[in-house]
Amino acid sequence: MIAHRFGTRSELRLRFLLCLGAVALVFGVLVVRLLVLQVVQGSRYRYLSENNRIRVERLVAPRGMILDRRGEVLADVRASFDALVVPAELPKGARGAVEAELVQALGLAPGELTALLNGPGPPRWKGRLLRRNISRPELARLAAHRLELPGVLIRAVPVRHYPHQDLLGGLLGYVGEISGRELRLPPYAEYESGDILGRAGVEAAWEQDLRGEAGGQQVEVDVRGRTLGVLAERSPRPGSNLILTIDRRLQAAAAAALGEEAGSIVVVAVHTGDVLALVSQPSVDPNHLARKMDKEQWEAIASDPRHPLQDRATQGVYPPGSTFKIATALAGLDRGVITPQTRVFCGGEYHFAGRPYRCWKKGGHGTVDLDRAMAESCDVFFYQTGLDLGIDALFDGASQLGFGQATGIGLPGEREGLVPSKGWKRKARKEPWYAGETLSVAIGQSYVLSTPVQLAAVLAGVAHPQGIRMRPRLVSRIEDPEGRHLRGFSPQEAGRLAFRRAHLDRIRHGLRLVVGGDAGTGRKAEVAGFPVAGKTGTAQVVRLPAERNLRLEDIPWERRDHALFAGYAPADRPEIAFAVVVEHGGGGGSVAAPMAGLVVEAYQALKAVDAGVAEGGP
């Protein structure tokens, strides 16, 4: 009866066997799958499990400090907070909610999170940068909504800080985030996305000493990404500290002397080459560049016609104007073309090859010797001297002084300037040299170019009692973060002047007359009790024959002459040499010389203060 209802006995046995086979097949599949997961792929899933539980976080190394010669901090680090997202920790079904919260908390643009997650970057289990330097309110909101933001991290990082803002912007440079292109280059093999590196100035030149070495943590987290504890940690190694030769006080005085003018002032120690001040204006506060800027801010700086990112002291090239007459006079004495007694008549013009070459003084200087030609900057005297010398002899004399050569100060992008020669023109212009061009070179015009730091170094060599040219030194030593000495940098000679001592003394005498003489063009640089020697210069930017008698304010700024003054002090026992270059400032004697006087006065006052401190005074 039962068999009839459910089928025959044989049919029941068949059904039983089929069910048993199906069960066996299911269990067989499960067993095989377990074997694959446990044995074949066990190590892979064990690795994934550990990495879901353990997060590796990179600890950024604080950048080394930069200090001036007296130990005053010029650049240090301060705490900042970055927001990051770990793609692997974002719940697949909750990305929209996370993004919506981040739009509110950080002001993200819609779709910005998705673009960040889908774009190129570090592995999915590492953090990708959302925002740098988030504000305190943003930090508080992210912390308050931590549970609704799985995969979003807050990282405390040291950020570069410049307490003196734009005072040393051109010198120190700035830092910025490494680019994707740079990350693919061998020199940056140790860097990672988001790392900061020096972009200009001292920050770039001494990057490897300043950057330090990153550390790391193994952090245990739960399924929501919340930190449970630190399993292991390797502390970051802070960067080394740089002690510069700069005196921040003199730097401030030089910047104040330059005021709102575009240009540069450089002050160096005659006997050591120490760079005491190196001002470039206008400048940018590097604090604004230390963290990522928006596009509009960067474009405003980059498109500024006065180029505030350029370090004019080492990268700005200007015709040296009459300051170059030092080279012309020394070369003339050395070759016997002139003597201290040589006399030339100046009627206001020098005629050569049917063309008049003007002297800066319209009515002329009358008959002048070398001393008077130097003191009153008579162009006609130096036209004649240059023509008698010839361009190659003039090139040799100027090169010996250091014109046309990088000083080796150690800052990136230093320009060499230029002193032309016949060979240079054949190679660069594919043209022969014309004798008339020598006249313009003799007074520092035409092709001649120099940087302010080069001009200061030239005057330091002239001022040195033994005619020694010292290489400008910017970093005196490197210390570890605890202040222990690591490396020092001694003063280095860059060369020795081969001019006769009597000839150098005669030029020094003439340079003193420029400032201390009754008719000297640099009288406004004089400082009571601290005699100054130097040379004024007015470098023509464009020829203005029709506007020759116009007032300076009537000439468009970009067409005005550059104003220069280069010298040393005190004249009888030189300690410092300096160069002042004011872009489109007008006359060297009326504009640059008074600025030089203010710098020398500040040096004199600071020297007295330091002497009082050394003696235990107030």
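Helices are DSSP runs of at least four residues, numbered from the N terminus. In this predicted model, helix H11 covers residues 248-258 and includes Arg249. The relative accessible area of Arg249 is 15%, and the residue therefore counts as buried, the cut-off being under 20%. The side chain of Arg249 makes a polar contact of 2.9 Å with the side chain of Asp247. When residues up to four places away in sequence are left out, Arg249 touches Arg70, Leu606, Val609 and Asp610.

Leu171 belongs to helix H7, which spans residues 169-172. Not counting residues up to four places away in sequence, the contacts of Leu171 are Gly201, Val202, Leu244, Ile246, Leu278, Leu411 and Leu474. Between Leu171 and Leu20 the separation is 151 residues in sequence, and their C-alpha atoms are 85 Å apart in space.

Helix H2 runs over residues 9-40 and contains Val26. Together with Val23, Phe27 and Leu30, Val26 forms a nonpolar patch on the surface. The accessible area of these residues together is about 390 Å².

Strands S14 (residues 349-352) and S15 (residues 355-358) are antiparallel and are joined by four bridges. Glu349 is placed opposite Arg358 of S15. Two residues lie between the strands of this hairpin, in which Ala353 adopts a positive phi near 55°.

How values were computed:
Residues numbered from 1 in each chain as written. Predicted model: local features only at pLDDT ≥ 70, side-chain atom pairs only at ≥ 80, totals over all residues. Heavy atoms only, no water. Pairing = 2+ DSSP bridges. Contact = heavy atoms within 4.5 Å. Patch = residues over 30% accessible without salt bridge, like charges linked within 9 Å, V, L, I, M, F, W, Y side chains within 5 Å. Areas by Shrake-Rupley, 256 points an atom, 1.4 Å probe, with all protein chains shown as cover. Salt bridge = Lys/Arg side-chain N within 4 Å of Asp/Glu carboxyl O. Buried < 20%, exposed > 50% of the residue type's maximum accessible area, 1.4 Å probe, protein only. Polar contact = N/O pair within 3.5 Å; in protein donor to acceptor, adjacent residues only side chain to side chain.
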